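Please look through the structure shown here, with attention to its backbone geometry, its strand pairing and the contact between its chains.

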Amino acid sequence: MENVNLKINGLNVTAPAGSTILEAAHGAGIRIPTLCWLKEINEIGACRMCVVEVKGAKGLVAACVYPVAEGMEVRTNTKRLLDARKRTLELLLSTHDKKCLSCVRSGHCELQELCQELGVEDEDHFAGERNHYEPDTSAVHMIRDNNKCILCRRCSAVCEKVQSVGVIGPNNRGFATFIGSAFEMGLGDTSCVGCGQCIAACPTGALYEKDNTDDVLAAIADESKHVVVQTAPAVRVALGEEFGYPMGTDVEGKMAAALRRIGFDKVFDTDFSADLTIMEEAHEFLDRVQNGGVLPMMTSCSPGWIKYCEHYYPDQLAHLSSCKSPQQMFGAITKTYYAEKMGIPPEDIVCVSVMPCTAKKFELQRDDQYAAGVPDVDISITTRELARLIRKVGINFRSLPDEGFDDPLGESTGAGVIFGATGGVMEAALRTAVEKLTGKELEKPEFTEVRGTDGIKEATYNVAGMDVKVAVASGLGNAKIIMDKVRAGEADYHFIEIMCCPGGCVNGGGQPRVHADVRNFEDVKAIRAKALYDNDAAKTIRKSHENPAIRKVYEEYLGEPGSERAHQILHTTYVKRTIN
Amino acid sequence: MADKKAAVPFAGTKEQEEALKKAIDELKGEKGALMPILQKAQDIYGYLPREVQKMISDETGIPMEKIYGVATFYSQFTLNPKGRYRISVCLGTACYVKGSGDIYNALMEKLGIVGGECTPDGKFSLDACRCVGACGLAPVMMINEEVYGRLTVDDLDGILAKYE
């Protein structure tokens, strides 16, 4: 690509033609503050935080959308600019609910940080008319409090452009503008899939998950309850960020130690039930292939994807694997097999899950998720909530020792741990399905073609004389591309993995928030996923069907994968929904 | 500014629906088709109720929220039908200083609707307008083509009673 030469703050800078001033400045180590800008997602130049002076240009220009040109002279930090940015913040604050002390975002709010940085001294500098909104609590998983909204549109851009859902957006005009749904529907009445990517995109405290940490503490305080916890694969490679570890640090051992100190009776691992999912899903896949079942078969681990399919492709539900998600399988096996083994009535067990996901809060309330006549999972909290819980009970996370999970539902393989990244479920399933089909041990367990953060990946594997064609998609916008092909009968895949969030669960809507300054320039999903693949590579057992605890569950309780009992406990059904 | 749900039940005809579908078919491939589709829809129905926006969403694949966002952004679009008697109160400078704001507020109270809406029986709709060119008669309102000038709040009951 051609380069252009320009001057930024007097420094000679070279940047690719077509890049923006903001990108060129970043390349030269100069930070320009932003609020509304999310790279390739929300590039609307609206918030005016990134204004810069360009010699010869009329007025101040928005660096996030202004392209560089040969010989351009740019200033990013003159007094005039700093004053302009401060004034913009004061105007935003004039109709902002400034209850920062009790705000979930306090301490890592992008608006708050900028106010500090630019020296806003009087948050009521412009005291005028204020908008007042009733927070929208209608969705199962989250709350929208428009009193904290700055109308940056990062949430609605993600919802529409990345996830192809588009149930939120700006309504009305001027001072009356607010972000909401059509005809003022509550989010819970729309076809929102619950992915929480809007929460991850929000710079302020306007969007946040419904907090269930007090429910967890109440369950632990109730001595009549046996409280078990399960942690999803992706949680361990992101939780550390909340405690100052670099992105991509695997804190599995400290996480297990923290959970034990919070007071859970048993600290188990969703990786175990990920292995269980593979046993059932690989069996289901082979059964469909060998007995003329509906193909392509699609994975069913991601509740956001499931709800999306139910709303937007209700005519395609037969493609979905009937397997419950690992979260639900875990709860189901806890309240049947484990309850029986321990002699505890299922109604006295409280199953808590820690998930990188907000849609899991919805999933646990679905019908047909009651293997023992009580809900499989009782409480689901996000990675962010776990961090909050750890702080709340006064645990010094960084000084914890590394501990392991409890038996028997804490034992897992490398196949289970990679479930948290796009392509991971496919790879884990292939490790088992290929060995089952060929009856031979794989030379190497890696299926690298389905790895990586591309939105859509395809591969063909020759297995026992048959070409197995697979596809992997993450982010619902990519799922839509695949699903339109499937609906049109133009897809000849056998097996498709779909994860709702871009990059998979490592980038889930319940993961620690990543500041836009980082998110815009780092590949968050790749960094976190690498930690999962490293965790897998370090394991001695890397195939689900070789997990001794899994073998034991089948021997002692379930019989064979796909058995009647396995179906009763580990499989589920789907419903048709409409687009709202 | 457009308002919330229309209180008047939707009564679209088969012919209107066909006309809308034809218009959508002609326009939907084009970039930026939503605006002309909404304009056409408003020509056909007189307003843009939920049912019409839903039809547009289903036919084009554009999310409802996007359509609603555009429909509520532009003042040319209305989510409410017009009544048999369309009341426009002038809030232009001359009328306003002569108290047309009070007239407007009193009408909202008497009719039980806010500006931009229509009474549930479809009889009266209320809008604010800018100068009607009768500043000498300020404050002024119009009901359909009839102009009422030098109004006081006390005149309103008598005037409304004339419309059956």
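## Positive phi angles in loops of chain A

Asp368(A) is found in the loop between α11 (359-363) and β14 (379-382) of chain A, and in this predicted model its phi is near 65 degrees, a positive value in a residue other than glycine. With 13 other C-beta atoms within 10 Å, Asp368(A) is partly exposed.

Glu40(A), which lies in the loop between α1 (21-27) and β3 (51-54) of chain A, likewise has a positive phi, near 65 degrees, without being a glycine. Glu40(A) has 9 other C-beta atoms within 10 Å and is therefore exposed, the limit for that class being 12 or fewer.

## Cis peptide bonds

In chain A, the peptide bond that leads from Asp407(A) to Pro408(A) is cis, with omega near 0 degrees, and Pro408(A) is placed in the loop between α12 (383-392) and α13 (414-417) of that chain. In chain B, Ala138(B) and Pro139(B) are joined by a cis peptide bond whose omega is about -5 degrees; here the proline, Pro139(B), sits in the loop between β2 (124-129) and β3 (141-143) of chain B.

## An open mixed sheet in chain A

An open sheet of 4 strands in chain A has the order β12-β17-β16-β15, with mixed pairing. Because β12 (297-298) and β15 (456-463) of chain A each have a single partner strand, they stand at the edges, and one side of each is left without a neighbour in the sheet.

Helix α15 (residues 476-487) of chain A lies across β15, β16 (466-474) and β17 of chain A, and runs at about 140 degrees to β16(A).

## The contact between chains A and B

Between the two chains, 12 residues of chain B are in contact with 15 residues of chain A. On the chain B side, helix α4 (residues 64-73) of chain B supplies the largest share, 7 residues, and by class the side of chain B that touches chain A has 5 nonpolar, 2 polar and 5 charged residues.

Definitions and conventions: Residues numbered from 1 in each chain as written. Chains lettered and ligands numbered in written order. Predicted model: local features only at pLDDT ≥ 70, side-chain atom pairs only at ≥ 80, totals over all residues. Contact = placed C-beta atoms within 7 Å. Helix = DSSP H or I, 4+ residues; strand = E, 2+ residues; numbered from the N terminus. Nonpolar A, V, L, I, M, F, W, Y, C, P; charged D, E, K, R; others polar. Pairing = 2+ DSSP bridges. Axes fitted to C-alpha atoms, helices over the stretch in contact; angles between N-to-C directions. Buried ≥ 20, exposed ≤ 12 C-beta atoms within 10 Å, placed from the backbone.
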